[in-house]
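Please read the following report with the sequence and the model side by side. It goes through a few side chains, then a pocket, then some backbone angles.

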Amino acid sequence: MHPACSSRGDDSSWYVMVEANCAWEEEHGLLLVWRDGRTLTKVGGYDGHVTNANAYADDGLRDVVYVATNPNHTTRTTNAG
């Protein structure tokens, strides 16, 4: 576990990233990220980004925890979107 910083200039939050190896995704593993140690902000393969908005350079994904292939299964921290 290690703290990470967001690449967003307007984000003063701190992040905790947990990386793990997993059998179903050997190349990228699993990444879990919490903002300020309280709110799960990202679940996916390890890519070094603390949010999906950062990973995809898309502010519309600011509240997205998991980006699913099928949008019906995308997980958000809010009901917006």
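T51 is found in the loop between β4 (39-44) and α1; helices (H or I, at least four residues) and strands (E, at least two) are DSSP runs, numbered from the N terminus. T51 is buried, with a relative accessible area of 7%; buried means under 20% relative accessible area, exposed over 50%, and partly exposed in between (1.4 Å probe, protein chains only). This is a predicted model, in which local features need pLDDT of at least 70 and side-chain atom pairs count only at pLDDT 80 or more, while totals for chains, interfaces and linings use all residues. Residues are numbered from 1 along each chain as its sequence is written, and side-chain values use heavy atoms, with hydrogens and water left out.

Which side chain makes a polar contact with the side chain of T51? The partner is N54, at 2.7 Å. A polar contact is a pair of N or O atoms within 3.5 Å; within protein, one must be able to donate a hydrogen and the other to accept it, and residues adjacent in sequence count only if both atoms are side-chain atoms. N54 sits in helix α1 and is buried, at 14% relative accessible area. Apart from its neighbours within four places in sequence, T51 is in contact with Y15 and K42, where contact means heavy atoms within 4.5 Å.

K42 also takes part in a salt bridge, with D47 as its partner. A salt bridge is a side-chain nitrogen of Lys or Arg within 4 Å of a carboxyl oxygen of Asp or Glu. By this rule there are three salt bridges, and they are set out below.

| Salt bridge | N to O distance |
|---|---|
| K42 and D47 | 2.6 Å |
| R76 and D63 | 2.7 Å |
| D36 and R38 | 3.9 Å |

Side chains of opposite charge can pair when their charged atoms come close. In the bridge of K42 and D47, K42 counts as buried because its relative accessibility is 2%, whereas D47, at 35%, is partly exposed. The side chains of R76 and D63 also meet in a salt bridge. This pair links distant parts of the chain: R76 is in strand β6 (residues 75-76), and D63 is in the loop between α1 (52-56) and β5 (64-66), 13 residues apart. R76 is partly exposed, with a relative accessible area of 27%, and D63 is buried, at 14%. R38, the partner of D36, counts as exposed at 67% relative accessibility.

K42 and D47 are also among the residues that line the largest pocket. A pocket is found on a 1 Å grid over the protein atoms alone, as an open set of points where a 1.4 Å probe fits, with protein on both sides within 12 Å along at least five of seven lines; lining residues have an atom within 4 Å of a point. The largest pocket has a volume of about 160 Å³; grid points are joined across faces, edges and corners, and a volume is the space filled by probe spheres set on the points. Its lining includes V43, G44, Y56 and V65, and β4, α1 and β5 each supply at least two of the lining residues. The lining divides into seven nonpolar, three polar and two charged residues. Here Ala, Val, Leu, Ile, Met, Phe, Trp, Tyr, Cys and Pro count as nonpolar, Asp, Glu, Lys and Arg as charged, and the others, Gly among them, as polar.

Two backbone angles remain. D36, in the loop between β3 (30-35) and β4, has a phi near 55°, a positive value in a residue other than glycine. A57 lies in the loop between α1 and β5, and its phi is near 50°, also positive in a residue other than glycine. A57 counts as exposed because its relative accessibility is 73%.
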